[in-house]
Amino acid sequence: ARCIWVLDTRLVETVFAYIELVISTVVALVLCYLCNQYYHTTTKHAQGYFRIWVIAPVALALAFLFHPGDQWLSMQVLVAFTMYLECLGVIPQLDLMRRMAEIEPLTSHYVGLLVIARAARMVFWGVLFYMGEHFLQLFIADLLHTILTADYMYLWFKKLRSGGALVYSI
């Protein structure tokens with residue numbers, strides 16, 4: 001969806017947008033391949049209600065109901081879909097990590113940096129709001145993502161300060 005909607009925005013005026021789009025698409029395809037190759041090596045899987053066939057339709061319904069713009073069918077629906085999918089997609093990861101005894105360092109750093117990137121995007125929304133651009137629906141998706149991961153971030157920063165393993169369980 002992102003490959004389609006980015007071409008319908010003001011981002012096409014910059015070369016960086018094309019470079020970032022190509023790199024992120026290649027990385028996503030490689031990750032999909034690797035996940036498919038090594039899916040059998042994992043010992044823990046997401047619950048049935050956290051699977052993609054549940055999360056994707058929920059994100060699509062949210063995108064149709066809450067998207068920037070006035071038209072029901074527009075590129076803004078795809079923008080909203082990708083953001084809602086990112087927000088809902090972190091829920092299975094957090095659930096899986098809560099059920100693990102100890103989180104591997106690479107996984108903990110990946111999720112921690114992902115949350116920092118979303119927090120930085122909150123600054124982006126603030127700047128847009130200051131400039132007069134109001135995308136409240138998309139801001140709420142990122143805010144929800146940040147709220148869902150707040151307890152993880154607290155434990156991750158504590159782990160970084162003190163060292164040792166990250167234990168994230170209920």
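Is E86 buried, partly exposed or exposed? E86 counts as partly exposed, because its relative accessibility is 30%. Here buried means under 20% relative accessible area, exposed means over 50%, and partly exposed lies in between (1.4 Å probe, protein chains only).

This is a predicted model: local features need pLDDT of at least 70, side-chain atom pairs count only at pLDDT 80 or more, and totals for chains, interfaces and linings use all residues. Residues are numbered from 1 along each chain as its sequence is written, and side-chain values use heavy atoms, with hydrogens and water left out.

Start with the overall fold. The protein chain has 7 helices and 0 strands. Both are DSSP runs, numbered from the N terminus: helices are H or I with at least four residues, strands are E with at least two. Of the 170 residues in the protein chain, 26% are buried. Take the contacts (heavy atoms within 4.5 Å). Among those between residues at least 6 apart in sequence, 64% join residues at least 24 apart.

Now return to E86. Side chains of opposite charge can pair when their charged atoms come close. A salt bridge is a side-chain nitrogen of Lys or Arg within 4 Å of a carboxyl oxygen of Asp or Glu. The structure holds 3 salt bridges. E86 meets R118 in one of them, at 3.3 Å from N to O. This pair links helix 4 (residues 75–99) with helix 5 (residues 105–130), and its partners are 32 residues apart. R118 is buried, with a relative accessible area of 12%.

E86 also meets R121, at 2.7 Å from N to O. That pair again joins helix 4 to helix 5, across 35 residues. R121 in turn forms a salt bridge with D142, with the closest N and O atoms 2.7 Å apart. D142 sits in helix 6 (residues 136–148), 21 residues from R121. D142 counts as buried, because its relative accessibility is 1%. Together, E86, R118, R121 and D142 form a network of salt bridges.

Next, look at the rings. Rings of Phe, Tyr and Trp (its six-membered ring) pair if their centres lie within 6.5 Å; planes under 30 degrees apart are stacked, over 60 edge-to-face, and the rest tilted. The count comes to 2 aromatic pairs. In one of them, the centres of W156 and F157 are 5.5 Å apart and the planes meet at 50°, so the pair is tilted. W156 is buried at 4% relative accessibility, whereas F157 is partly exposed at 41%.
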